[in-house]
Amino acid sequence: MANLSDFLPVAGGGGGGIPKYQEFTTSGTFTPSQALIDAGGRIGLFLVGAGQNGVNNTSTMTGGGGGEVIMKYITLTNTNSITVTVGAPSGGSTTFAASSAGATDEVALGGTGAGANHNDSRYNSRQGAGFGAHMRYGDQAASAGSGVLGYGVGGGAFYSAGTGTAKANSGSGGGFSSLAGGSGFVRVTWFE
Amino acid sequence: MENRIAIIKDGIVSNVIVASDEFAENIQETTVNVKNIDCEIGYFYDGANFTAPIKTQEEIEVEARAWRDSELKRTDFIVPLTDFPNHASWITYRQELRDWTTTEDFPDTKPTAPAEL
């Protein structure tokens, strides 16, 4: 007769359990544990590039673009430390240098300059980056891009939806009045 | 305010990150604390000062065309309003915008709108 425990998942076997995570609001290093590697080395990455600053010149009020938001799984194969850099306003890239641990380096690009719109190729090259709202005096303001899960939101123009003062580590663009964008962010999640 | 560190490769800022000074010391490339300095990716660094990059002719022309397009869009509503003040001048202005990219004035001298909108 089998024991009930024979049917429960073992640690690292998938299903059940509470994920471990590490968050980076400033640059640092992530060191995979041997238990993580023994469990398959799979980690979930959430990378956010920094947002761009907004501008307010003589004819336009434009929000900065939000930083790129990347969510993906990668597999590490050894316990070498990984350098993590968190992008700074305005528009710094956030990186996860996983090649040191047997995977591929990952980069979330920073937000593009204020004034570009959603048709701009610079936005199209960024995953989940919210474009900054744009307005010329006398015009209706365009809406800002929504970003992903509250991260990478575009900066707002005058009378427009979007961020005003971007929160730190949000990856959001700054509002039109030359407000600073938000810095980047990294969250690593895994089971072991 | 967060501590901003510029990473410099070959005299050009390749990235700006949030990091402690201790972390920056371990980066192989040249790093400079730019917490209170105007510095973005692409800026030049001469060992003492940062300067913004000069735009290429192509970048200037792309921005000029974007401005031209936004002007045409902004004045679209005037076309059917034949009693709009200075209507004929606005129509002329729109034609000048369309022709602008093929003239010697492009991209340095913009067509002038008849009035403020």
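**Chain B and a sheet in chain A**

Chain B contains three helices and five strands. Read from the N terminus, the elements of this chain follow the order β-β-α-β-β-β-α-α. The radius of gyration of chain B is 23 Å, whereas the globule rule gives 13 Å for 117 residues, so the chain is more spread out than a compact globule. All of this refers to a predicted model.

The dimensions of chain B can be described along its principal axes, where the C-alpha trace spans about 70 × 30 × 15 Å. Of the 117 residues in chain B, 33% are buried. The accessible surface of the chain amounts to about 7400 Å², and carbon and sulfur atoms account for 49% of that surface. Contacts within chain B were also examined by sequence separation: among those between residues at least 6 apart in sequence, 48% link residues at least 24 apart.

Attention now turns to chain A. Here an open sheet of four strands is found, with the order 1-11-3-6 and antiparallel pairing. Strand 1 (20-24) and strand 6 (69-75) of chain A form the edges of this sheet, each pairing on one side only. On average, neighbouring strands of the sheet are turned by 15° against each other, direction ignored. In general, strands of a sheet pair through backbone hydrogen bonds, in either a parallel or an antiparallel arrangement.

Strand 3 (residues 42-48) pairs with strand 6 of chain A in the antiparallel sense, over seven bridges. For A:R42, the bridge partner in strand 6 of chain A is A:T75.

Definitions and conventions. Residues are numbered from 1 along each chain as its sequence is written. Chains are lettered from A and ligands numbered from 1 in the order in which they are written. This is a predicted model: local features need pLDDT of at least 70, side-chain atom pairs count only at pLDDT 80 or more; totals for chains, interfaces and linings use all residues. Side-chain values use heavy atoms; hydrogens and water are left out. Two strands pair if DSSP finds at least two bridges between them. Helices (H or I, at least four residues) and strands (E, at least two) are DSSP runs, numbered from the N terminus. Axes are lines fitted to C-alpha atoms, for helices over the stretch in contact, and angles run from 0 to 180 degrees between N-to-C directions. The radius of gyration is taken over C-alpha atoms; the globule rule is 2.2 Å times the number of residues to the power 0.38. Buried means under 20% relative accessible area, exposed over 50%, partly exposed in between (1.4 Å probe, protein chains only). Contact means heavy atoms within 4.5 Å. Accessible areas come from the Shrake-Rupley method with a 1.4 Å probe; for residues, only the protein chains shown count as cover.
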